[in-house]
Amino acid sequence: QVHLVESGGGLVQAGESLRLSCVASGRIFSINTMGWYRQAPGKQRDLVAVSTSGGNENYADSVKGRFTVHRDNAKSTVDLQMNSLKPEDTAAYYCYAIIKRSSSDVWNHYWGQGTQVTVSS
């Protein structure tokens, strides 16, 4: 089994910063993409920032210049540094990873349980 566990959510005021952390554990052979999505109430789950195994990073336009994804392959972790937070950043944030459990496995998609980020105005 593979598990993604997030931490670091909370309530902050607009303009403040917050850092989310996610660690992947269990039977892991290789991790391809690792990153973060978010979902506000009544809305679909959208990409926030992801990092590929090749070192490429992809950000949502709404967070470019404010959020940074940090990935540590040796530790199977991915963090999301969020600066200059806005009320519209309020959402449940989900860690996401594409993982192989063995050399013969296919790539599988995994999600964390989510951590709430609330930004007050």
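1. Let's start with a word you'll need throughout: a residue is "buried" if its relative accessible area is under 20%, "exposed" if over 50%, and "partly exposed" in between, using a 1.4 Å probe and counting protein chains only. S76 shows how that works: its relative accessibility is 16%, so it counts as buried. S84, at 40%, counts as partly exposed.

2. A quick word on what you're looking at: this is a predicted model, where local features need pLDDT of at least 70, side-chain atom pairs count only at pLDDT 80 or more, and totals for chains, interfaces and linings use all residues. Residues are numbered from 1 along each chain as its sequence is written, and side-chain values use heavy atoms, with hydrogens and water left out.

3. Now the big picture. The protein has eleven strands and zero helices. (Strands are DSSP runs of E with at least two residues, helices are runs of H or I with at least four residues, and both are numbered from the N terminus.) Walk along the sequence and you get β-β-β-β-β-β-β-β-β-β-β.

4. Next, overall dimensions. The C-alpha trace spans about 50 × 25 × 25 Å along its principal axes. A compact globule of 121 residues would have a radius of gyration near 14 Å, and the protein has 14 Å, which agrees. (That radius is taken over C-alpha atoms, and the globule rule is 2.2 Å times the number of residues to the power 0.38.) Buried residues make up 44% of the 121. The accessible surface comes to about 6300 Å², with 45% of it belonging to carbon and sulfur atoms; these areas come from the Shrake-Rupley method with a 1.4 Å probe, and for residues only the protein chains shown count as cover.

5. Which strands make up the open sheet of four, and in what order? The order is β1-β3-β8-β7, and the pairing is antiparallel. From one strand to the next, the twist averages 15°. (Axes here are lines fitted to C-alpha atoms, for helices over the stretch in contact, and angles run from 0 to 180 degrees between N-to-C directions.)

6. Have a look at β8 (residues 77-82). β8 pairs with β7 in the antiparallel sense over six bridges, and β3 and β8 also pair in the antiparallel sense over six bridges. Are the faces of β8 covered or open? Both are covered, with T77, D79 and Q81 buried on one side and V78, L80 and M82 buried on the other.

7. β7 and β8 form a hairpin with four residues between them, and S76 in the turn has a positive phi of about 55°, although S76 is not a glycine. S84, in the loop between β8 and β9, has a positive phi of about 50° and is not a glycine either.

8. The structure holds one disulfide, meaning a pair of cysteine sulfur atoms within 2.5 Å. C22 and C95 form it, with their sulfur atoms 2.0 Å apart. The pair links distant parts of the chain: C22 sits in β3 (residues 18-26) and C95 in β9 (residues 91-100), 73 residues apart. The torsion about their S-S bond is about -80°, so the disulfide is left-handed. Both C22 and C95 are buried.

9. Finally, contacts, meaning heavy atoms within 4.5 Å. Of the contacts between residues at least 6 apart in sequence, 56% join residues at least 24 apart. I99 in β9 has 0% relative accessibility and so counts as buried. Leaving aside neighbours within four places in sequence, the contacts of I99 include V2, L4, A24 and W107. The C-alpha atoms of I99 and Q1 are separated by 11 Å, though the two are 98 residues apart along the chain. S51 in β5 (residues 46-51) counts as buried at 6%, and beyond its neighbours within four places in sequence its contacts include N32, M34 and R71.

Terms used. Two strands pair if DSSP finds at least two bridges between them.
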